[in-house]
Amino acid sequence: MAAQTQYAELARQLNSIGALRRSMLRLLPPECPSGSAAVLSLLHRHGEMRMSRLAELLAIDMSVTSRHVAHSVKGGWIERAPDPHDGRSRILRLTPSGVDMLEALHERSTEMFAHNLKDWSDDEVGQLIGMLARLRDSFGDCRTRPAPAAPGHPHDTT
């Protein structure tokens, strides 16, 4: 098990990843903000779905999901189709234009990583991918798990 100082350093390093994330978000074209990019990515990864499922995967409120979907529909990247099992519901799916936008987004991020990690070996990049996947797996599905209470907090059960 790692020492407490290592966990503290890990927390500092992960906090600094926020700057990297903001840098990546600046790569997005102005017409496709991060919310729309997330919608496109999830529809590509999971296939067509109802808005409620998309909100669950995004781990955000239904009203915010609705705004992201409306923007993506307006951009022509997704479409709403009647749900064949429930006429009151709509199914969201990528359009060919949405696939094109998603490919452009992936190309931008790939170029950014290729440029910034040009002095990394393929093995080092692979190790990073593996370790990040392992870290994510260790935390499980963070969307549905409440944050632990801080020590000394009234709801702390330790």
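A: Happy to! The protein chain exposes about 11,400 Å², and carbon and sulfur atoms supply 57% of that area. Keep in mind that this is a predicted model.

Q: Noted. And what share of the residues is buried?

A: Buried residues come to 22% of the 158 residues in the protein chain.

Q: What's the secondary structure made of?

A: There are six helices and three strands. Along the sequence, the pattern reads α-α-β-α-α-β-β-α-α.

Q: In what order do the strands sit in the sheet?

A: The order is S1-S3-S2, in an open sheet with antiparallel pairing. Strand S1 (49-50) and strand S2 (78-83) are at the edges with a single partner strand each, so one side of each has no neighbour in the sheet.

Q: How many bridges are there between S2 and S3?

A: Six bridges, in the antiparallel sense, with S3 covering residues 86-94. If you want a spot to look at, Ala81 stands opposite Ile91 in S3.

Q: Nice. Switching to pockets: what's the volume of the largest one?

A: The largest pocket holds about 2,000 Å³ of space.

Q: Which residues lie nearest its centre?

A: Those are Ile17, Arg21, Met24, Phe113 and Arg136, out of 42 lining residues. The elements giving two or more residues to that lining are helix H1 (4-26), helix H2 (34-46), helix H3 (51-58), helix H5 (96-116) and helix H6 (122-139).

Q: Which of them gives the most?

A: H5 does, with nine residues of the largest pocket's lining.

Q: And how does that lining split by class?

A: The largest pocket's lining has 26 nonpolar, nine polar and seven charged residues.

Q: What about the second largest pocket, what's its volume?

A: That one has a volume of about 310 Å³. H1 and H6 each supply at least two residues of its lining, and H6 gives the most, with seven.

Q: Which residues line that second pocket?

A: The second largest pocket is lined by Tyr7, Leu10, Gln13, Leu14, Leu128, Met131, Leu132, Arg134, Leu135, Ser138 and Phe139. By class they divide into eight nonpolar, two polar and one charged.

Q: One last thing, about contacts: what fraction is between residues 24 or more positions apart?

A: Counting contacts with a separation of 6 or more in the protein chain, residues 24 or more positions apart account for 47%.

Terms used
Residues are numbered from 1 along each chain as its sequence is written. This is a predicted model: local features need pLDDT of at least 70, side-chain atom pairs count only at pLDDT 80 or more; totals for chains, interfaces and linings use all residues. Side-chain values use heavy atoms; hydrogens and water are left out. On a 1 Å grid over the protein atoms alone, a cavity is a set of points where a 1.4 Å probe fits but cannot get out, and a pocket is an open set with protein on both sides within 12 Å along at least five of seven lines; lining residues have an atom within 4 Å of a point. Grid points are joined across faces, edges and corners, and a volume is the space filled by probe spheres set on the points. Helices (H or I, at least four residues) and strands (E, at least two) are DSSP runs, numbered from the N terminus. Ala, Val, Leu, Ile, Met, Phe, Trp, Tyr, Cys and Pro count as nonpolar, Asp, Glu, Lys and Arg as charged, and the others, Gly among them, as polar. Two strands pair if DSSP finds at least two bridges between them. Buried means under 20% relative accessible area, exposed over 50%, partly exposed in between (1.4 Å probe, protein chains only). Contact means heavy atoms within 4.5 Å. Accessible areas come from the Shrake-Rupley method with a 1.4 Å probe; for residues, only the protein chains shown count as cover.
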